[in-house]
Amino acid sequence: MRTTHIALAVVVTAVWGVNFVVIEVGLGHFPPLLFSALRFLAAALPAVFFVGRPKVAWKWVIGVGLVLGVAKFGLLFVGMDQGMPAGLSSLVLQIQAVFTALFAAVALGERPGRVRLLGMAVALAGIAVAAVDEGTSGPLLAFTLVIAAAACWGVSNVLTRKASPPDALNFMVWVSAVPVLPLLGLSLLFEGPDADLAALRALDATGVGVILYVAWVTTVFGFGAWGFLLRRYPASSVAPFSLLVPVFGMSSAALLLSESVSPLRWCAAALLVGGVALTSLSRAGDPPHRPTSSPRPEPLPIGPASDEPIPGASASAGSVLAEPSSAASAHAPDTPAGPLTPKS
């Protein structure tokens with residue numbers, strides 16, 4: 001890769017990592033479900049009027065929008081609002097690579113090889129260590145909600161693989177439009193109209209800046225730049241950079257939010273990132289046979305908690321928008337996939 005493109009990849013992962021800190025700040029201004037709805041609204045409008053019609057069937061746009069936008073980001077934002085630290089959230093979401101590999105094995109017949117199975121075991125060990133650490137220092141329910149968000153991300157990766165969108169930006173924009181009304185409805189139901197109106201009336205420059213960052217910087221710029229890199233270079237060259245996301249997430253949370261990182265959490269980080277690297281960068285044991293006469297177009301990951309990393313190119317790793325969190329989000333069947341993703 002050219003030096004300028006390496007720098008661009010690092011900048012994108014830094015944007016995605018810092019995004020968790022921005023989410024933390026935003027949750028001080030908005031109820032979590034309303035915040036998520038506003039994020040997707042800003043990402044979708046006015047872009048939907050300029051990207052053209054969806055280039056895949058509506059069932060895939062709606063399916064990914066509901067699973068990724070409503071379930072994944074809703075659970076992530078609520079989990080962080082309930083006390084899950086920003087830095088730890090950026091790390092724990094990496095387990096989506098394991099969920100993606102598991103769901104792909106069931107739904108797509110992509111059997112993991114030995115190296116990938118080893119990586120999954122190592123990553124799960126890292127989650128167990130992180131759970132022990134969080135259980136002694138923070139709310140375990142919030143931790144569980146973020147794990148559930150990672151599982152939803154895995155489901156959305158498989159759906160995205162099935163959809164195989166030929167235009168990542170077009171797909172991301174339309175997927176962003178789907179969750180807005182469901183999230184607003186859930187916010188009115190669970191957070192209440194009074195809380196929503198109070199947050200909107202108190203909207204200030206910081207609140208606007210937070211929404212613009214998670215919608216335009218992490219989603220439009222981040223996923224657009226990531227898609228640009230994936231069009232120029234093999235996924236195996238680009239995707240490993242996404243492993244920097246938790247590095248930037250944890251370090252920025254420590255610097256900007258004064259989050260402490262215990263030795264146990266560092267151990268969890270080493271295990272989880274190492275396991276995700278093995279899971280994401282190894283070949284599937286027996287990928288399903290595909291006819292060579294009319295190959296399907298290679299899907300482009302669009303990656304963060306949102307935000308979130310990207311609807312992935314591979315069933316074993318990508319993601320749609322959110323907080324691209326892992327190398328999984330950018331891989332083809334033989335190379336796993338990181339969007340936006342997501343206190344995408």
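A nonpolar core is defined here as a set of buried Ala, Val, Leu, Ile, Met, Phe, Trp, Tyr and Cys residues joined through side-chain atoms within 4.5 Å. Buried denotes a relative accessible area under 20%, exposed over 50%, and partly exposed the range in between (1.4 Å probe, protein chains only). The model is predicted: local features need pLDDT of at least 70, side-chain atom pairs count only at pLDDT 80 or more, and totals for chains, interfaces and linings use all residues. Residues are numbered from 1 along each chain as its sequence is written, and side-chain values use heavy atoms, with hydrogens and water left out.

The largest nonpolar core holds 87 residues. Within this core, Phe35, Leu76, Val92, Leu93, Ile95 and Phe143 touch the most other members. Helix H11 (residues 205–232) supplies the largest share of the core, 10 residues. Helices are DSSP runs (H or I, at least four residues), as are strands (E, at least two), and both are numbered from the N terminus. Contacts, meaning heavy atoms within 4.5 Å, were listed for Ile95. With residues up to four places away in sequence not counted, Ile95 touches Ala123, Leu124, Ile127, Ile147, Ala150 and Leu272.

Aromatic rings were examined next. A pair of aromatic rings is described by the distance of the centres and the angle of the planes. Rings of Phe, Tyr and Trp (its six-membered ring) pair if their centres lie within 6.5 Å; planes under 30 degrees apart count as stacked, over 60 as edge-to-face and the rest as tilted. The structure contains 6 aromatic pairs. The ring centres of Phe30 and Phe35 are 5.5 Å apart and the planes lie at 20°, so this pair is stacked. Both Phe30 and Phe35 are buried. Phe73 and Phe77 form an edge-to-face pair, at 6.3 Å centre to centre and 85° between the planes. These two residues are 4 apart in helix H3 (residues 58–81), so about one helical turn separates Phe73 from Phe77. Phe73 is buried, at a relative accessible area of 0%. Phe77 is also buried, at 0% relative accessibility. Ring pairs join Phe30, Phe35, Phe40, Phe73 and Phe77 into a cluster.

The loop between helix H2 (32–44) and H3 includes Gly52. This glycine is partly exposed, with a relative accessible area of 35%. Gly52 and Asn170 are 118 residues apart in sequence, yet their C-alpha atoms are 7.3 Å apart in space. Leaving aside neighbours within four places in sequence, Gly52 is in contact with Asn170 and Trp174. Pro46 is found in the loop between H2 and H3. The peptide bond from Leu45 to Pro46 is cis, with omega near 5°.

Backbone geometry was also examined for phi. Most residues other than glycine have a negative phi, and most peptide bonds are trans. Ser164 is not a glycine, but its phi is positive, at about 50°. Ser164 is found in the loop between helix H7 (140–163) and helix H8 (168–177). Its relative accessible area is 7%, so Ser164 is buried. Ser258 also has a positive phi, near 60°. This serine is placed in the loop between H13 and helix H14 (263–281). Ser258 is exposed, with a relative accessible area of 66%.

Helix H14 contains Val273. At 23% relative accessibility, Val273 is partly exposed. Val273 and Gly119 are 154 residues apart in sequence and 9.4 Å apart in space, C-alpha to C-alpha. Not counting residues up to four places away in sequence, Val273 touches Leu91, Leu243 and Pro246.

On a 1 Å grid over the protein atoms alone, a cavity is a set of points where a 1.4 Å probe fits but cannot get out, and lining residues have an atom within 4 Å of a point. Grid points are joined across faces, edges and corners, and a volume is the space filled by probe spheres set on the points. The largest cavity has a volume of about 30 Å³. Its lining consists of Gly87, Leu88, Met250, Ala253, Ala254, Glu259, Val261 and Arg265. Helix H4 (86–92) and helix H13 (245–256) are the elements that give two or more residues to this lining. H13 provides the largest share, 3 residues. By class, the lining has 5 nonpolar, 1 polar and 2 charged residues. Ala, Val, Leu, Ile, Met, Phe, Trp, Tyr, Cys and Pro count as nonpolar, Asp, Glu, Lys and Arg as charged, and the others, Gly among them, as polar.

Key:
1 Å grid on protein atoms, 1.4 Å probe; cavity = no way out; pocket = protein on both sides within 12 Å on 5 of 7 lines; lining within 4 Å.
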